[in-house]
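Have the structure open beside you as you read.

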Amino acid sequence: MPSVTITHATLAYARVWHLVDVRGQVLGRIGSQIAQTLMGKHKPIYDPSSDCGDYVVVINAKHIAVSGRKREQKQYWSHSQYPGGLKQITMERLQEKNPEKVIEKAVSGMLPKNRLRKVRLARLLVFPDAEHPYAGNIMKRNDTKIPLITQPIE
């Protein structure tokens, strides 16, 4: 008889890998769905103080859509904490330079600002194209029509 037993809680906290194709999806809408999956709100055992979320692999980050003129007008700021150290970059330039950062920043802003934020963001893996090294880990594929519904891959 084994000395370690698997309980129902262990199985409930098991992490599933989700694949999300964001080609043509609106950034804010798909970002909120990704944030809910990272937090584990889709699970019946969800608790705000526990980390029960899943892994999310995002592909085709270069082809994300935004509404209105956000691509030209939205600004991202960073400051070095030194006088005159403010840096600004538009969404359009950031999309050309590093398309993964646009989705990471959007999802980061939708997660709760607490100690679990960095841990949850570490489970978000964003790739600019369709190629990614986690094909063997993917358990669920995000349906492009209804973002909340996930289907197992055959």
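1. The protein chain holds six helices and seven strands, where helices (H or I, at least four residues) and strands (E, at least two) are DSSP runs numbered from the N terminus. Followed along the sequence, their pattern is α-β-α-β-α-β-β-α-α-α-β-β-β.

2. A word on the source: this is a predicted model, in which local features need pLDDT of at least 70 and side-chain atom pairs count only at pLDDT 80 or more, while totals for chains, interfaces and linings use all residues. Residues are numbered from 1 along each chain as its sequence is written, and side-chain values use heavy atoms, leaving out hydrogens and water.

3. Of the chain's 154 residues, 36% count as buried (under 20% relative accessible area, with a 1.4 Å probe and protein chains only). The accessible surface of the protein chain comes to about 10000 Å², and 55% of that belongs to carbon and sulfur atoms.

4. Now take a look at helix α2 (residues 27-39) and helix α5 (residues 99-110): their axes come within 9 Å and cross at roughly 60°. Axes here are lines fitted to C-alpha atoms over the stretch in contact, with angles running from 0 to 180 degrees between N-to-C directions.

5. Which residues make the contact between them? On α2 they are Leu27, Gly28, Gly31, Ser32, Ile34, Ala35 and Leu38, and on α5 they are Val102, Ile103, Ala106, Val107 and Met110; contact means heavy atoms within 4.5 Å. These residues divide into nine nonpolar, three polar and no charged, with Gly counted among the polar ones.

Methods:
Buried means under 20% relative accessible area, exposed over 50%, partly exposed in between (1.4 Å probe, protein chains only). Accessible areas come from the Shrake-Rupley method with a 1.4 Å probe; for residues, only the protein chains shown count as cover.
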